[in-house]
2 protein chains.
Amino acid sequence: MESQDLKKAGLKATLPRVRVLQLLENSEQRHMSAEDVYKFLLDSGEDVGLATVYRVLTQFEAAGLVSRHHFEGGLSVFELNEGRHHDHVVCVKCGKIEEFTDDIIEERQRNIAKLKGFDMTDHCLYIYGICHGCQKPR
Amino acid sequence: MESQDLKKAGLKATLPRVRVLQLLENSEQRHMSAEDVYKFLLDSGEDVGLATVYRVLTQFEAAGLVSRHHFEGGLSVFELNEGRHHDHVVCVKCGKIEEFTDDIIEERQRNIAKLKGFDMTDHCLYIYGICHGCQKPR
DNA sequence: ATAATAATGAGAAGCTTTTGCATCACTAAC
DNA sequence: GTTAGTGATGCAAAAGCTTCTCATTATTAT
């Protein structure tokens with residue numbers, strides 16, 4: 001139940017927050033921009049403001065409930081944090097996003113951070129390319 | 001000589017282009033935002049417009065002369081492409097940027113892209129953390 | 001030099017994201 | 001069950017950052 005997750009994160013379970021969380025949990029699209037979230041909620045008949053969507057997503061990010069990604073082209077999207085860290089493969093034509101994890105890469109990243117004297121807080125790896133579907137000729 | 005590089009890239013060697021390229025080549029700061037470039041040029045007495053800086057940087061990116069990065073927090077910076085690809089470690093406190101390459105990570109990225117059926121066009125890895133200097137207590 | 005073409009600077013416009021503020025909702029004490 | 005106090009919301013305005021428009025200027029080829 002979403003209210004519990006919110007409470008645990010130190011956030012009051014208000015309607016907009018619950019709705020945004022539900023949407024992120026149930027949407028087909030795992031990766032959504034703030035605008036996407038806003039439109040989905042409006043279409044579902046919710047009376048929510050875009051500013052609130054931004055506020056809520058920012059709070060969720062601060063609470064660790066969601067992650068925010070800035071993809072090539074300046075597109076920024078949010079996704080629910082469930083379980084472990086993962087990285088992304090993004091199609092530059094159709095925007096399709098696939099996820100993956102690679103323990104060896106993870107391991108080497110930790111080493112590099114240590115080697116450079118950094119206390120790592122976050123890391124992300126984006127592979128851009130043209131997906132199978134988009135490679136086909138017109 | 002910068003004019004040659006520009007010609008090779010299929011761009012006319014106009015004054016603003018040469019100046020931007022020179023700046024990227026000679027600046028202390030390898031990573032600069034469009035605003036940074038603009039201000040540096042103004043301070044050097046150049047009469048350049050911000051719009052031109054954006055145009056030129058975008059052209060350079062298209063021509064492969066520079067790379068553009070979108071760091072956490074939405075900051076986007078440009079850097080000169082010299083030689084091979086590299087990745088970045090970024091201090092989330094002071095903004096310090098260090099570069100690195102790791103052949104094993106590169107190799108694994110290629111494999112992942114292939115495995116996912118993607119024709120890889122680009123890839124980037126960002127490690128965020130707190131650098132040695134910023135870890136010290138106030 | 002001169003004509004044709006492309007690039008520039010300045011400001012306007014477009015997006016995305018944040019802020020200010022009056023209103024509304026919730027919590028907790030009476 | 002009311003009522004005060006706190007925090008959250010929606011709307012509109014504002015703040016970035018980036019792109020576009022267009023008259024002017026520079027560049028290239030003749």
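**Close-up views of a predicted protein–DNA model**

**View 1. The surface near DNA strand D in the predicted model.** Helix 4 of chain B gives the most to the surface near DNA strand D, contributing four residues, where a residue is near a strand if one of its heavy atoms lies within 4 Å of it, and where helices (DSSP runs of H or I, at least four residues) and strands (DSSP runs of E, at least two residues) are numbered from the N terminus. This is a predicted model, in which local features need pLDDT of at least 70 and side-chain atom pairs count only at pLDDT 80 or more, whereas totals for chains, interfaces and linings use all residues. Residues are numbered from 1 along each chain as its sequence is written, chains are lettered from A and ligands numbered from 1 in the order in which they are written, and side-chain values use heavy atoms, with hydrogens and water left out. At least two residues of this surface come from each of helix 2 (15-26) and helix 4 of chain A and helix 4 of chain B. Of the 16 residues around DNA strand D, those that come nearest are Thr14(A), Asp47(A), Thr52(A), Arg55(A) and Tyr54(B). By class, the surface near DNA strand D has six nonpolar, four polar and six charged residues; Ala, Val, Leu, Ile, Met, Phe, Trp, Tyr, Cys and Pro count as nonpolar, Asp, Glu, Lys and Arg as charged, and the others, Gly among them, as polar.

**View 2. Side chains of chain A at the phosphates of DNA strand D.** Sugar or phosphate accounts for 70% of the atoms of DNA strand D within 4 Å of the protein, and the rest belong to bases. For Arg17(A), an N or O atom of the side chain is 3.3 Å from a phosphate oxygen of DNA strand D.

**View 3. The surface near DNA strand C.** Helix 4 (50-63) of chain A, helix 2 (15-26) of chain B and helix 4 (50-62) of chain B each supply at least two residues of the surface near DNA strand C, and helix 4 of chain A gives the most, with four residues. Among the 15 residues around DNA strand C, Tyr54(A), Thr14(B), Asp47(B), Thr52(B) and Arg55(B) come nearest. The residues of this surface divide into six nonpolar, four polar and five charged. Of the atoms of DNA strand C within 4 Å of the protein, 69% belong to sugar or phosphate and the rest to bases.

**View 4. Side chains of chain B at a base and at phosphates of DNA strand C.** An N or O atom in the side chain of Arg55(B) is 2.7 Å from a base nitrogen of DNA strand C.

View 5. Six strands make an open sheet with mixed pairing, in the order 4(A)-3(A)-5(A)-5(B)-3(B)-4(B), two strands being paired if DSSP finds at least two bridges between them. Its edge strands, each pairing on one side only, are strand 4 (97-100) of chain A and strand 4 (97-100) of chain B. From one strand to the next the twist averages 20°, with axes being lines fitted to C-alpha atoms, for helices over the stretch in contact, and angles running from 0 to 180 degrees between N-to-C directions. Strand 3 (residues 87-91) of chain A and strand 4 of chain A run antiparallel and are joined by four bridges; Val90(A) has Ile97(A) as its bridge partner in strand 4 of chain A.

**View 6. Helix 5 of chain A across the sheet.** Helix 5 (residues 103-115) of chain A lies across strand 3 and strand 5 (119-130) of chain A together with strand 3 (87-91), strand 4 and strand 5 (119-130) of chain B, and runs at about 130° to strand 5 of chain A; contact here means heavy atoms within 4.5 Å.

**View 7. The hairpin of chain A.** Strand 1 (residues 66-70) and strand 2 (residues 76-80) of chain A pair in the antiparallel sense over five bridges, and the bridge partner of His69(A) in strand 2 of chain A is Val77(A). Five residues stand between the strands of this hairpin, in which Gly73(A) takes a positive phi near 90°.

Definitions and conventions: Polar contact = N/O pair within 3.5 Å; in protein donor to acceptor, adjacent residues only side chain to side chain.
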